[in-house]
Amino acid sequence: MIRYAVSMSSIGPDLKEEWISAFQNARLKNVEVIVRSFLDTAEHAQANLELFRRMLNEKVIRIESTHLPFAPSEEWEISLPEENRRKAVIDHIRRIAEQNPFLFHKNLTVHASLEPIRDDERKLRIRQACRSIEELLPLAAELGVSINVEYLPRTCIGNREEDLLEITSEFKQEEVGICMDVNHAMTRHAELPQIIEKLSPRIKTFHLSDYDGVDERHWYIGQGLINWRAVMQKIRAIDHDLVLIFETRCTLQGGEWGRPPSDPAFAIRQAERDAFFLENCDALCSAFETFRIPGN
């Protein structure tokens, strides 16, 4: 079964009262939690945490996935070569989860590395990532989450199928999976159906957004070059449950994520429109192909 969700990063870094009414009036209730929003000791971070807890308690939202931060490397990078630094990362993750267990549910998205990664250190980095995941498995079992390693861009660990298959094959399928971010295929956007098919046994979640076929852009669905009909055909062919998470922002310029919408209802509405398009992309794309613009 396919379930749709929206990343909190698509709505904005700071929660406000407007989030409650926006989700109350929305058809989309599922979210991916961005843990970083709650980690600062500043007043706004604590306000975020209390408002998010209230939204959960009032069943305004449901958590489908939790995204660990990925920078700075000293705190979050699970593939650090130096053992003492890597172990400190694992201890840090455990502390955060133990302090806020209600933020962790079902799926846990992790980045294997930052960048740049040299070719001569990739094997060591992969081994270190596997060590870290193994050490996190008891915590994941306690929280009831699958650890999902994200498909990453450029030189990161996880920028190729072989990396992710090597990492995940070390573990049971129910314990460790893949978060397939289609925006991270870089110049291989035309190969996305084949990439998805190859990784499909391990894919648990998707990060969905569009881009220019060069570098990640996190555009809304349909604003870039991804062949969504072909992508959705491969997604629907996967025979286990999946969460499709919209990880988009309000910009069509440059490689930056851009600003979040000022109104959270707009971001949620856009995610709902994206879900409508994907659920009906065969018919909509066929209709567009035969559409004639009046007066032309």
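Guide: Welcome! Two strands count as paired when DSSP finds at least two bridges between them. Keep that in mind as we look at this predicted model.

Visitor: Thanks! How many bridges join E2 to strand E3?

Guide: Five bridges link E2 to E3 (residues 62–67), and the two strands run parallel. Within E3, Arg-62 is the residue opposite Asn-30.

Visitor: And which way do E1 and E2 run?

Guide: Strand E1 (residues 2–7) is parallel to E2, with two bridges joining them. Ser-7 has Glu-32 of E2 as its bridge partner. Between E1 and E2 the chain passes through helix H1 (residues 17–24), giving a right-handed β-α-β crossover.

Visitor: What unit do E2, helix H2 and E3 make?

Guide: E2, H2 (residues 43–57) and E3 form a β-α-β unit that is right-handed.

Visitor: Why is strand E2 described as largely enclosed?

Guide: Buried here means under 20% relative accessible area. Five of the five residues of E2 (residues 30–34) are buried, so the strand is largely enclosed by the rest of the structure. Asn-30, Glu-32 and Ile-34 lie on one side, Val-31 and Val-33 on the other, and both faces are covered.

Visitor: Now the helices. At what angle do H8 and H9 pack?

Guide: In general, a packed helix pair is described by the angle and the distance between the axes. Here, H8 (residues 228–236) and H9 (residues 264–279) pack at about 80°, with axes 10 Å apart. They are therefore roughly perpendicular to each other. H8 contributes Trp-228, Met-232 and Arg-236 to the contact, while H9 brings Phe-277, Leu-278 and Glu-279. By class, that contact has four nonpolar, two charged and no polar residues.

Key. Residues numbered from 1 in each chain as written. Predicted model: local features only at pLDDT ≥ 70, side-chain atom pairs only at ≥ 80, totals over all residues. Heavy atoms only, no water. Axes fitted to C-alpha atoms, helices over the stretch in contact; angles between N-to-C directions. Helix = DSSP H or I, 4+ residues; strand = E, 2+ residues; numbered from the N terminus. Parallel < 35°, antiparallel > 145°, perpendicular 65-115°, else oblique. Contact = heavy atoms within 4.5 Å. Nonpolar A, V, L, I, M, F, W, Y, C, P; charged D, E, K, R; others polar. Buried < 20%, exposed > 50% of the residue type's maximum accessible area, 1.4 Å probe, protein only. Right-handed = clockwise from strand over helix to strand, strands pointing away.
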